[in-house]
Every structure is written in structure tokens, then in C-alpha cells.
Amino acid sequence: MASSRSYSFLLFSVLLSSAGTTVTSASCSRADREALREFQSGLSDPYIGIFTSWTGEDCCAHWYGVSCDPSTGRVADLTLRGESEDPILTRAGRSGLMTGRISPAICRLDRLSNLIIADWKQISGPIPSCITSLASLRILDLVGNRLSGPLPANLGKLSHLTVLNVADNQISAQIPKSITQISGLMHLNLASNHISGDIPSDLGNLKMLSRALLGRNQISGKIPPSISYMNRLADLDLAENQLWGSIPAFFGSMPVLSSLYLDSNRLSGLIPPEILGSKGLGILNLSRNELTGLIADVFTSRTYFTALDLSYNKLTGDVPKTLSKATFVGHLDLSHNHLCGRIPAGLPFDHLEAASFASNDCLCGWPLQACRS
Ligand SMILES: *[C@@H]1O[C@H](CO)[C@@H](O)[C@H](O)[C@H]1NC(C)=O
């Protein structure tokens, strides 16, 4: 989340600095000003006073959070964040809180490129479905509110979208199928909502996607094979859903995949050896599934895991010997399985605690009790 924010901040700064210094800027379009006022009247901000600067005619000049295309006076950016280092918040000495709804009047700002209404905690009601008519939209960030209802079905119309973040709301229903038409989408964050149904089978059409965060929802079905085509995917979070079926081996050969969270689902079968032996994966969490079989003995000196969590499964066999060849294993959790045998000695284990191996069938050796023979 943090990096998608700094990313949008960067884009915003570029937008501002490219807004020329030579021409005198056009002042606020009257239609946009009226749309902004209608938007404002749908919200109540009892603590911060975000809207106190929204006075006078020129919404492009000093209205908090509003910036315009200086050549047209049309609103291009609306950024209202309830949690930031902004003086308006630090002066208030607290993070923001707003109630109310996002008025459909927002859809009349039809030159909007960035729409960020983030972390106000109690803005409720639906995401206006007319939002899909904002054809220039690049960043849509509504994280951290209490928005409910479905994502608009024709979301795919937002063909310039690069960032879609509606995490930490109460969005329900399915992921709209049309989402896979947004070919330039780079960051997709739908985490911590009430989304159900399957992952669209052609999600892999999103070739530019680098972060796909869908964790903490009620998503079911299998992991779609098309994900293997996402050559820029670095972070995939499908944790705390109701996914079933097996874990595809292709995760082990995706070119830039570095974190994979599949924990707390109903995934079964073996852990593909390709994944454990992958050179790029630094975080792998498969905890709390129904995985069975052995942990493949495929680790090498190129193994480097900041976190490897295979706890709460039904894994059998021993702790693989080659794991001691790993260059680094920061956090290892193999607890609550059916492992048995001697824990291999070696460097990456030196800092581990007994909890990493607790509640197995018959493991022994440091950091557990000594083996008998
Ligand atoms: C892995 O997932 C489990 C269950 O969702 C969670 O409790 C655990 O903290 C996670 N482990 C790491 C290293 O993030």
C-alpha cells in the first residue's frame, strides 16, 4: 500500500511540475466548481476542516486537494487523504474522519485524471457507477473508507487506469469481468473487502500488473492458469479467501515474482518443488491450507527467504536437508504439521526458535530436544 501511494504522489508531482510556469493559468471551470460543491455537500468532516479553503470562484487556485489543467481550468486531480504528513492533518493532531457519501456529481469532473479519497474511515455508500464515464482516469484510490456495494460492472471502460485501489472497504459482489480489459493496469488492490466469486479466468491479460492484492475477501474457486502470463507480477496476495484446488507450479518460474501470499485458503495437494526452489521468491506464505506430502529437498545456496511459512498444513516427512544450504531464511515456520526426524544443523537455522518447529509428530534436534539416537 505504501509504495502505491508514493507512486501516485510521484505522478502527481510530475503533473504539477509539468504544469508550465509561462502561461497564465485558466481559472476554474464553472461546471467543475459546481460539481465540486455538490461533492462537498455529500460529505461531513467534523475534525479537520478540509473544505474550509473551498471558497471563492477559482477552484484551481487554492482549494485544498484540487488541481487543474492550467490551459483549460478543468479539474485534473482531486486528492483528499485522511492519513498523511500534510500540515492540515498534523495541525489537527489526528487523522481524518469523514462521514457521508461520494456524490455522483464527481462524474461531471470528466477531465479527472487522479481521484484519491483515501483513509477517511467512515465515508459510506456505493462507489457511484457513473465513475466509469471518467475516461481520463489514471488513478482511482478510495482505500480505507466504508464503501459498500459492488464495483461497477463496466469498470473496464476506464482504459487509462494504472492504479485501482479500493482496499479496506466493504465492497461486495464479484470482481467485474471487464477489469481484465484495462491493459495498462499496474496496481490492483481489492484487499480487505467482502468480494466473492471467482478470480476472472483471464486475469493474465493484465500484462502490466505488478501488484495484485486480493487478500482478505471471500473469493472462491481455483487459481487461474492465465496468471502465469503476467511477466511483471511482483506481489501476489490471495490470502484469507476460500480458494481451493492445487497450487500451480508456474509460480516458481514467474520472472519477477517476489512475494506470494496464499495463506488461509483451502488449497490442497503437494507444494510444487519449483516454488520452493525458486530463486526470486523472497516471501512465501502457504500457512493454513490443506497441503500434504513432503517438503521437497530442493533448496540451494541461492535460496533467500525473508519469510517462509508453511505452518498449519498436513505436511509429512522430514525437514529437508538442503534447507541448511540456504543463504538466508529470516522467518521460518513449519509448525503444526506432521513432520518427523532430525532438524538439520546449519547457518540459516542458528537464529530460529523452537516455535518454528512446534506441534509436529516427531521432530528432534536443536532448537527442539536432542534426538534419542
Ligand atoms: C502467514 O499467514 C498466516 C495465516 O494467514 C499468518 O498468521 C502468518 O502471520 C503469516 N506469516 C508471515 C510470515 O507473514
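Gly330 touches Phe305, Thr306 and Ala307, leaving aside residues up to four places away in sequence, where two residues count as in contact if their C-beta atoms, placed from the backbone, lie within 7 Å. The model is a predicted one, in which local features need pLDDT of at least 70 and side-chain atom pairs count only at pLDDT 80 or more, while totals for chains, interfaces and linings use all residues. Residues are numbered from 1 along each chain as its sequence is written.

Gly330 belongs to strand E23, which covers residues 328–333; helices (H or I, at least four residues) and strands (E, at least two) are DSSP runs, numbered from the N terminus. Gly330 is partly exposed because 14 other C-beta atoms lie within 10 Å, given that a residue is buried with 20 or more other C-beta atoms within 10 Å of its own, exposed with 12 or fewer, and partly exposed in between, the C-beta atoms being placed from the backbone. Pro348 stands 18 residues from Gly330 along the chain, and their C-alpha atoms are separated by 7.7 Å.

Strand E12 (residues 194–198) pairs in the parallel sense with strand E14 (residues 218–221) over three bridges, with Gly197 opposite Ile219 in E14. E14 in turn runs parallel to strand E16 (residues 242–245), to which two bridges join it, and here Gly221 stands opposite Leu243.

Around the ligand lie Ala239, Glu240, Asp263, Ser264, Asn285, Ser287, Arg288, Ala307, Asp309 and His331, a residue being near a molecule if its C-beta atom, placed from the backbone, lies within 6 Å of it. Ala307 in this list is also one of the residues that Gly330 touches.

As for confidence, the chain has a mean pLDDT of 93, and 93% of its residues reach 70 or more, pLDDT being the predictor's confidence in each residue, from 0 to 100. Over residues 1–7, however, the pLDDT is below 50, and this stretch has eight contacts beyond near neighbours in sequence in the model. Where pLDDT is low, the predicted coordinates should not be read in detail.

Note on methods
Pairing = 2+ DSSP bridges.
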